[in-house]
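Hello,

I am passing along a structure for you to look through.

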Amino acid sequence: MFTVRTWAARTSAALLTTALAATGLAAGASAAPAATAVGPAPTGAAADAAPGAAPASDSPSPTPYQGWNTYYGLGGDFTADEVLDVADFLVSSGLAAAGYDIVWLDGGWQDEVPRGTDGRLRGDTERFPDGMAALADEIHDRGLRAGIYTDAGPYIPGTCGLGSGGHYQTDADTFAEWGYDAVKVDFLCGITADLDPQEAFTAFAEALRDNSSGRPMIFNLCNPVTSPDWGDYPEEQQSTWSWTYAPDIAESWRTYTDVGFVGQIQFKDVLRNFDANARHPEVAGPGRFSDPDYLGPELGMTTEEFRTQMSLWTVAAAPLVISSDPRTLSQDSLDILLDEDVLAIDQDRLGLQGTRVGAAGTTETWAKPLADGSVAVALLNRGDRPAEVATTARDLGLRGRSFAVLDTWSDARTQSAGTIRAAVPAHGAALLRVTPTRHDGAPRLVASSPAFTSVGADAVAPTTDLLAAAGDRLTTEVTLHNDGSTPVRDPRVTLAVPSGWSARPAGAAPRVVRPGGSATVGFTVSVPAGTETGGYDIAASVTSGSGRLTTPPSRVTVAPGAPSGSDVVLSGHPWVSATSGWLTPTVDQSVGGGSPLTVAGVVHETGIGVASPSQVRYYLGGACTALTGSVGIDDVVGTVGPEGGTATFDVVGDGETLWSSGTVERGTAIPFTVDVTGIRDLTLQVGDASDGGYNDRADWLTLTTTC
């Protein structure tokens, strides 16, 4: 017999004492809040937010709203025709039927002089010739809702294009009269005018609620100001403080700065915004939601990375607003946006924001309780290599001996005895729905990505990211885990390798994988002589009574030849890969090019210029003995300003740190000598010294090796 400790039943006096209790996780679960709650105790709706609360009947958004916004995809010069064309696409593509029904104008709709002599806002007459009310009517005629944008501060020409300061009630009445259903209120003018955000947003919220038409309107409170991204601002003026008052006055509130720039959203910034958004889950609930900013398909992320953003926003009970131009999206991106099982988790009527279970790290577990007693689980891999991520039903607050596991992205349905595990791609997330059940089913079989264990006769630390040379013979292993309650019999494992490569089994396949047990299947992979340099994916497929599954791919990078000779200048040798926090790594010049490598007034003829964070990877093939050089902050930072300009430097060989600089500041070069005997895979790594990457122009100087 199983029991379910539902979140709705666990609203005890301890609920609001910690962020853990606020999530309703069962006592004894190894869960930790995503971040420590710092600041004043919230009042009003923020204090009343509790798991299991029923959505307010008068809320214009009892579950997280969905829609599309013009900002990241169209910029600030959009037209009525473009907006309506996107509206038509929302309908024809099925996005509107899936809930993406708000067509939201961001900044740029206003006239060059945004307020007329009558004191009312007005749209650009050339781009919106029929007026803003007519546009809202056209949107409504398509069965959609209309959203619009303004700022809580006064209009300040040259600083912000639109401001409602001094006109809150007039503008609220105007938006309602025009027929808009949602209002995004920014704070660019507000911060320039040195307004108090709580006072300004509260006054605007009252005006919206008291609009003369009595029209319900969603209020998206958008204070994007953060330090140090925007400058040195008091905490009370930043987006990270909005949680203390916003749940009383808004349907959603931005929890950090913008997730990207017009036309560009990167995965690292998605993770940054998600982490900031996770700090105060206790104040979110039905009708009031933390907002980490918009969804960014095909604006700089891979399909896998966007799927991860969708998983994380869903577990966070975040509003789902598409920021790209949806007319340009691939079918893969549309399929992610339209997945019914995923949307059901985001739109769950409890409206609870998920929290981290266990410690923070490269791999993490995030859990969100759902109204039917199940738990949505995101198994997150922040790393650059595939990884197994696991938790248990008990740690999720569930009790029982059998659990149904729905993989929302693959639609696979399996049974687990309590271990909740997945093989997760690099920058990926498995999104599972775990439900206690009396019914057995196909046991949950999880297969790891192929792990390479040797190159020729030389053993290597197991890795899913291997550097190799043309002609190498590799050994790899696939591990099978049976997390179900019944045996998995005769699993058939095959390896998919690039065209022209060969893979043959190394030993017999297992006849049975017992409940709670594991088995390993080995293969020998041959890389053909003459294989071109570059990355090649290898994945395993497993067929059994539990169905067919494919592992996330492992990567073999066929590298340029190893250096050869004495006193080889490493910066002149081809690297395998190279990254820089901004721009690209530059050989023999400071990052960005145009300036010689110069530290403490000394010019260095050879080396590599990067911005933090950075990784530059070389293939040594075990042929070299020593690496010498020095590191420092390039003098060019002084032309930018006194801020930033600190970094850390690490030399990493075959996954082990061989040398670390500690924090390096301006004005000094630090020499090093590292023994690289036997090292195959060398990485030069630069970090931001925990103060952000602003103005971090880091130099690797006079790198010399003997091979």
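Let me start with a pair of side chains: Glu138 forms a salt bridge with Arg142, with 3.1 Å between the closest N and O atoms. The term stands for a side-chain nitrogen of Lys or Arg within 4 Å of a carboxyl oxygen of Asp or Glu. Glu138 is partly exposed at 35% relative accessible area, and Arg142 is partly exposed at 26%. Here buried means under 20% relative accessible area, exposed over 50%, and partly exposed in between (1.4 Å probe, protein chains only).

Some background: this is a predicted model, in which local features need pLDDT of at least 70 and side-chain atom pairs count only at pLDDT 80 or more, while totals for chains, interfaces and linings use all residues. Residues are numbered from 1 along each chain as its sequence is written, and side-chain values use heavy atoms, leaving out hydrogens and water.

By the rule above, the count comes to 28 salt bridges. One of them joins Arg327 and Asp85 at 2.7 Å, N to O. This pair links distant parts of the chain, 242 residues apart: Arg327 is in the loop between strand 12 (320-322) and helix 12 (331-338), and Asp85 is in helix 4 (residues 80-92). Helices (H or I, at least four residues) and strands (E, at least two) are DSSP runs, numbered from the N terminus.

Finally, have a look at the network of salt bridges that links Arg385, Asp465, Arg617 and Asp681.

Best wishes
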